[in-house]
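Please keep the sequence and the structure open while reading.

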Amino acid sequence: MTEVPDPTPAPDEVVVEVDACGLCGSDVHTLQNGHAADGQILGHEFSGRIAGVGRDVTGWREGQPVAASPLGSCGKCRICARGLAFRCEAAPNIGITRQGAYAQYVAVPARQLAALPPELPVETGSHAEPFSVALQAVKLSQVGPGDPVLVYGVGPIGLYAIMGLRLAGAGPIVAAGRSAGRRAAAAAVGADVVLDTREKPVAQYVAEAGVKFAAVLECSAAPGAFAEAMAVTEPGGTVVEVALTPEEVPVPLFGMLSEGLHLVGSCAFSDETYRTAVDHLANGRAPVEKLVSERVSLDDTPDALVRLRTPATLVRIISRPWN
Ligand SMILES: [Zn+2]
Ligand SMILES: [Zn+2]
């Protein structure tokens with residue numbers, strides 16, 4: 001914790017007074033691995049109220065409740081055109097490569113803002129970022145009504161993915177995980193079947209049920225999970241790797257081509273997906289409140305990030321700098 005000057009908005013930016021910022025597993029990894037640059041303020045899952053408006057900004061006013069995508073985009077390059085703003089070389093990302101929201105104030109390019117309805121608790125907007133990560137994976141899984149889906153891993157992204165799959169009409173939704181607390185959360189947010197993978201491996205469930213999955217969202221980073229996911233996906237189905245894992249796996253190419261499997265990596269989200277996430281939240285379509293385990297002050301945020309290394313029953317901790 002340290003004091004720094006309040007940010008001032010560049011001509012195309014606003015300053016947001018942070019209401020809430022979710023603690024993310026990627027922040028935990030960044031700190032654990034010493035990857036944060038000196039003086040870098042982390043925090044990229046946030047919402048708040050506009051506290052200052054840059055000279056060239058139109059359509060936004062002080063006091064307005066907003067969520068903000070952390071992903072900068074030049075909006076012009078081929079990578080941005082593909083919807084992969086997070087890979088754009090020209091624009092930094094809030095809380096990752098420019099100053100973030102574990103702070104009272106954060107500067108945000110106006111193009112990254114999304115308005116929140118005044119009747120919505122401002123904190124709800126802080127779910128938009130991780131929910132977008134999950135919705136992007138759901139989109140890439142190409143599932144629709146009546147498609148059986150496996151969510152492998154019930155950390156926060158897996159849990160948001162279950163909500164996204166419900167909204168897509170997919171089902172039955174099978175969730176598989178090891179943490180008892182998070183398995184309970186999976187049922188609470190809409191999983192039809194919840195497996196304890198220590199008692200019943202996914203392959204055994206599939207053998208007994210006699211049905212493979214139209215898609216598997218691999219959100220666990222558990223060793224062997226990707227290979228297992230491929231084995232339980234039906235012909236023409238899709239395996240989406242969502243968990244950040246350094247694992248390298250052999251891909252059985254004959255199985256992949258003869259089954260017509262789609263193997264897809266999903267990281268972050270497009271601007272369009274972020275707007276969809278905010279729209280779902282603004283209309284109360286996803287029970288995101290059920291994921292909040294704790295709210296902490298800014299002073300307690302560093303300690304909470306340490307506790308998240310061994311999450312146990314913790315799902316989501318929210319930093320509230322003004323509380
Ligand atoms: Zn995150
Ligand atoms: Zn770009």
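How much area do domain 1 and domain 2 bury between them? In this predicted model, the two domains bury about 1,700 Å² between them, and 65% of that area lies on carbon and sulfur atoms. The size of an interface is often given in this way, as the accessible area lost when the parts come together.

**Domain layout**

- The chain is divided into domain 1, which covers 13-129 together with 269-319, and domain 2, which covers 131-265.
- The centres of domain 1 and domain 2, taken over C-alpha atoms, are separated by 26 Å, and the contact takes 24 residues from domain 1 and 17 residues from domain 2.

**The contact between the domains**

- On the domain 1 side, T273, L291 and V315 supply 29% of the area buried against domain 2, which is more than any other three residues.
- Between domain 1 and domain 2 the count is 1 salt bridge, and the count of residue pairs in polar contact, both at pLDDT 80 or more, is 12.
- E272 forms a salt bridge with K139, in which the closest N and O atoms are 3.6 Å apart.
- Helices α3 (128-141) and α9 (271-282) each supply at least two residues of the side of domain 1 that touches domain 2, and the largest share of that side, 7 residues, comes from α9.
- Sorted by class, the side of domain 1 that touches domain 2 has 13 nonpolar, 6 polar and 5 charged residues.

**A buried serine**

- S69 lies in the loop between β3 (65-68) and α2 (78-81), and it counts as buried because its relative accessible area is 4%, under the 20% limit.
- Leaving aside residues up to four places away in sequence, S69 touches I94, Q112, F269 and Y274.

**Backbone geometry**

- Most residues other than glycine have a negative phi, and most peptide bonds are trans.
- The peptide bond from G171 to P172 is cis, with omega near 5°, and P172 is found in the loop between α4 (156-167) and β7 (173-177).
- Q142, in the loop between α3 and β6 (149-152), has a positive phi near 60°, and at 59% relative accessibility Q142 counts as exposed.
- A221, in the loop between β9 (213-218) and α7 (225-231), has a positive phi near 60°, and A221 is partly exposed, with a relative accessible area of 30%.

Note on methods:
Residues are numbered from 1 along each chain as its sequence is written. Chains are lettered from A and ligands numbered from 1 in the order in which they are written. This is a predicted model: local features need pLDDT of at least 70, side-chain atom pairs count only at pLDDT 80 or more; totals for chains, interfaces and linings use all residues. Side-chain values use heavy atoms; hydrogens and water are left out. Domain bounds come from an automatic or database domain assignment. Contact means heavy atoms within 4.5 Å. Buried area is the accessible area (1.4 Å probe) that two parts lose on being put together, summed over both. A salt bridge is a side-chain nitrogen of Lys or Arg within 4 Å of a carboxyl oxygen of Asp or Glu. A polar contact is a pair of N or O atoms within 3.5 Å; within protein, one must be able to donate a hydrogen and the other to accept it, and residues adjacent in sequence count only if both atoms are side-chain atoms. Helices (H or I, at least four residues) and strands (E, at least two) are DSSP runs, numbered from the N terminus. Ala, Val, Leu, Ile, Met, Phe, Trp, Tyr, Cys and Pro count as nonpolar, Asp, Glu, Lys and Arg as charged, and the others, Gly among them, as polar. Buried means under 20% relative accessible area, exposed over 50%, partly exposed in between (1.4 Å probe, protein chains only).
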